[in-house]
Amino acid sequence: MTDLASLYRYADFTHEAYRTLLADAKAAYPFLLYSEIEGQERFLLWRHDVDASMHEAVALARIEAEMGVRATYFLLP
């Protein structure tokens with residue numbers, strides 16, 4: 001049987017690791033919204049599907065806002 005914690009490396013999913021990921025991505029690509037992608041060649045369309053934790057989604061949105069990153073959130077009520 002596979003140990004899921006080692007398989008999926010849950011320790012990598014921290015707010016600090018998320019900040020690092022965003023900084024690296026922001027250095028290489030512009031973050032665009034769905035309405036801005038026409039005619040663009042290289043960009044990131046950063047999106048979240050929120051179906052488990054609204055509180056964590058807000059925490060990620062705050063990190064994105066402080067870093068000047070735009071994202072789209074899809075909510076499953």
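**Entry 1, helix α2.** I started with α2, which has 14 residues and reaches 20 Å from its first C-alpha to its last, close to the 20 Å expected at 1.5 Å a residue. The expected span is 1.5 Å times one less than the number of residues in the helix. I took helices (H or I, at least four residues) and strands (E, at least two) as DSSP runs, numbered from the N terminus.

This is a predicted model, so I kept local features only at pLDDT of at least 70 and side-chain atom pairs only at pLDDT 80 or more, while totals for chains, interfaces and linings use all residues. Residues are numbered from 1 along each chain as its sequence is written, and side-chain values use heavy atoms, with hydrogens and water left out.

Which residues of α2 are buried? I found Y18, L22 and A25. They cover an arc of only 70° around the axis, which puts them on the same side of α2. The arc is that of the directions from the helix axis to the C-beta atoms. For burial I used relative accessible area: buried is under 20%, exposed is over 50%, and partly exposed lies in between (1.4 Å probe, protein chains only). The face turned away from the buried side carries the exposed residues E16, D24 and A27. I then looked up what covers the buried residues of α2, and the cover includes β1 and α3.

I went on to α3, residues 54-67. This helix also has 14 residues, and its first and last C-alpha atoms lie 20 Å apart, close to the 20 Å expected. The buried residues here are A57, A59, L60, I63, E64 and M67. Seen down the helix axis they fall within an arc of 160°, so they line one face of α3. On the other side, H55, R62, A65 and E66 are exposed. The buried residues pack against α2 (15-28), β1 (47-50) and β2 (72-75). Just after the helix, G68 takes a positive phi of about 75°.

I picked E64 from the buried residues of α3. E64 counts as buried because its relative accessibility is 2%. What does E64 touch, not counting residues up to four places away in sequence? I listed Y18, L22, W46, H48, V69, A71 and Y73, where contact means heavy atoms within 4.5 Å. E64 and L22 are 42 residues apart in sequence, and their C-alpha atoms are 7.8 Å apart in space.

I looked up T72 in strand β2. At 17% relative accessibility, T72 counts as buried. Leaving aside neighbours within four places in sequence, T72 is in contact with L33, Y34, W46, R47 and H48.

I counted a salt bridge when a side-chain nitrogen of Lys or Arg is within 4 Å of a carboxyl oxygen of Asp or Glu. How many salt bridges does this rule give? The count comes to 4.

R19 forms a salt bridge with E16, the closest N and O atoms being 4.0 Å apart. The two residues are 3 apart in helix α2, which means they are separated by about one helical turn. An α-helix has 3.6 residues a turn, so residues three or four places apart point the same way. R19 is partly exposed at 26% relative accessibility, and E16 is exposed at 51%.

E66 also forms a salt bridge with R19, with the closest N and O atoms 3.1 Å apart. This pair links distant parts of the chain, with E66 in α3 and R19 in α2, 47 residues apart. E66 counts as exposed at 54% relative accessibility.

I noted a further salt bridge between the side chains of R47 and D49, at 2.4 Å from N to O. R47 is partly exposed, with a relative accessible area of 40%, and D49 is exposed at 51%. Salt bridges that share partners join E16, R19 and E66 into one network.

I looked up the nonpolar surface patch of about 600 Å², which is made by L4, L7, Y8, Y10 and F13. Patches are made of residues with over 30% relative accessible area and no salt bridge; like charges are joined within 9 Å, and nonpolar side chains (Val, Leu, Ile, Met, Phe, Trp, Tyr) within 5 Å. Areas come from the Shrake-Rupley method with a 1.4 Å probe, and for residues only the protein chains shown count as cover. L4 sits in helix α1, residues 4-8, and counts as partly exposed at 46% relative accessibility.
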